[in-house]
Amino acid sequence: MTSPLRFKQPVSVLVVVHTPALQILLLERVSPPGFWQSVTGSLEPGETPAQAALREVAEETGVVAAPRQLDDWQRCNRFEIRPEWRHRYDPAVTHNVEHVFSLQVADGQATRLAEDEHRALLWLPLDQAAEKVFSWTNRAAILQLQARLSGQRPTADRAVQSREDSPDVAADATPSSDFRQSGQ
């Protein structure tokens, strides 16, 4: 008897990891090469977005953070899943909802790569990091980080933003999602 196919949930997290000096941690995906991003990942069954964010940070960087250190932006982005990655989702699923978080770590924070997912890491100034990431949602979060840290928060609770709602991000940016197969 075969087990039922387990599809990924179309719900994920984006965690912008940064230092007090606004150095942003970026990870280069193994596949496709050249795709730089912050920490991302899909929720596992029964997991809250905050739990997923902490788990993904630990898995992808080796940084173990306490829940109180995680800043939940109360913001979600909705985007179309890239066609080449839709096979990981139920056939009826075309869009993902991404919960946005940030995590401040100490300057010089030791990090390690999850080599099955990432090939390199960089700490970059905020503006350079925003230019390097491939995802419009990641770019928008990085660009909004400084304002958020200075107390300028969005007025809407649990705002859902789609690509069409973001005139301040590059029109040619490609939406991101977590690209790992379920069970990895």
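How many bridges join S1 to strand S4 (residues 39-42), and do the two run parallel or antiparallel? The views below take up this pairing and its surroundings in what is a predicted model.

**View 1. Strand S1 and its pairing with strand S4.** In this predicted model, S1 and S4, the latter spanning residues 39-42, are joined by 4 bridges and run antiparallel. Within this pairing, Leu-14 has Thr-40 of S4 as its bridge partner. Strand S1 itself, which covers residues 11-18, is mostly covered, with 7 of its 8 residues buried.

**View 2. Strand S1 and its pairing with strand S6.** Strand S6, made up of residues 95-104, runs parallel to S1, and 8 bridges join the two.

**View 3. The largest nonpolar core.** This core has 17 residues, of which Val-13, Val-15, Val-17, Val-57, Leu-70 and Leu-103 touch the most other members. At least two residues of the core are supplied by each of S1, strand S2 (23-29), helix H1 (49-61) and S6, and the largest share, 4 residues, comes from H1. Another core lies apart from this one and contains 16 residues, including Ile-24, Trp-36, Ala-130 and Leu-145.

**View 4. The surroundings of Leu-70.** When neighbours within four places in sequence are left aside, Leu-70 is in contact with Val-15, Ala-50, Ala-53, Leu-54, Phe-101, Ser-102 and Leu-103.

Definitions and conventions:
Residues are numbered from 1 along each chain as its sequence is written. This is a predicted model: local features need pLDDT of at least 70, side-chain atom pairs count only at pLDDT 80 or more; totals for chains, interfaces and linings use all residues. Side-chain values use heavy atoms; hydrogens and water are left out. Buried means under 20% relative accessible area, exposed over 50%, partly exposed in between (1.4 Å probe, protein chains only). Two strands pair if DSSP finds at least two bridges between them. A nonpolar core is a set of buried Ala, Val, Leu, Ile, Met, Phe, Trp, Tyr and Cys residues joined through side-chain atoms within 4.5 Å. Contact means heavy atoms within 4.5 Å.
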